[in-house]
Amino acid sequence: MCRNIHTLHNFEPAATSDEVHAAALQYVRKIAGTTKPSKANQEVFDQAVAEIAHVTQHLLNDLVAVRPPKNREEEAAKARARAVASGRYAA
């Protein structure tokens, strides 16, 4: 599950709120051990996602980068090339 959490800091353009929410959701899913909570746990699950997304956005806003921002498209192309080279995906 947590393989879907990607680095969000120091990219141009900056991480969107949807990306921050998706990372928070994956984190809560991993910690809770479920991808879909029961009805009894849905409210606390959603609250945890919202709080973690909020704190994550503050973290991203406050971090100081010492290197120039990375280009999203270039980094995605590198990741695809690594996946193809490893044999996980066809070219």
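**View 1. A salt bridge between R72 and E19.** The side chains of R72 and E19 meet in a salt bridge with an N to O distance of 3.0 Å, the term standing for a side-chain nitrogen of Lys or Arg within 4 Å of a carboxyl oxygen of Asp or Glu. This pair links distant parts of the chain, since R72 belongs to helix α3 (residues 72-86) and E19 to helix α1, 53 residues apart. Helices (H or I, at least four residues) and strands (E, at least two) are DSSP runs, numbered from the N terminus. E19 counts as partly exposed because its relative accessibility is 27%, where buried means under 20% relative accessible area, exposed over 50%, and partly exposed in between (1.4 Å probe, protein chains only). The model is predicted, so that local features need pLDDT of at least 70 and side-chain atom pairs count only at pLDDT 80 or more, while totals for chains, interfaces and linings use all residues. Residues are numbered from 1 along each chain as its sequence is written, and side-chain values use heavy atoms, with hydrogens and water left out.

View 2. The structure holds two salt bridges, and one of them joins K78 to E75, with the closest N and O atoms 3.2 Å apart. K78 and E75 are three residues apart in helix α3 and therefore separated by about one helical turn. K78 counts as partly exposed at 43% relative accessibility, and E75 is likewise partly exposed, at 23%.

**View 3. The largest nonpolar core.** Eleven residues make up this core, namely L8, A15, V20, A23, A24, L25, V28, F45, V49, A53 and L60; a nonpolar core is a set of buried Ala, Val, Leu, Ile, Met, Phe, Trp, Tyr and Cys residues joined through side-chain atoms within 4.5 Å. Two or more residues are given to the core by each of α1 (17-32) and α2 (42-62), and the largest share, five residues, comes from α1. Leaving aside residues up to four places away in sequence, V28 touches F45, A48, V49 and I52, contact meaning heavy atoms within 4.5 Å. With a relative accessibility of 45%, A32 counts as partly exposed.

View 4. N10 lies in the segment before β1 and has a phi near 65 degrees, a positive value in a residue other than glycine. N10 is buried, with a relative accessible area of 17%. The peptide bond from E12 to P13 is cis, with omega near 0 degrees, and P13 is placed in the loop between β1 and α1. For comparison, most residues other than glycine have a negative phi, and most peptide bonds are trans.

**View 5. A nonpolar surface patch.** I5, Y27 and I31 make a nonpolar surface patch of about 290 Å². Patches are made of residues with over 30% relative accessible area and no salt bridge, like charges being joined within 9 Å and nonpolar side chains (Val, Leu, Ile, Met, Phe, Trp, Tyr) within 5 Å, and accessible areas come from the Shrake-Rupley method with a 1.4 Å probe, with only the protein chains shown counting as cover for residues. I5 is in the segment before β1 (11-12) and, at 32% relative accessibility, counts as partly exposed.
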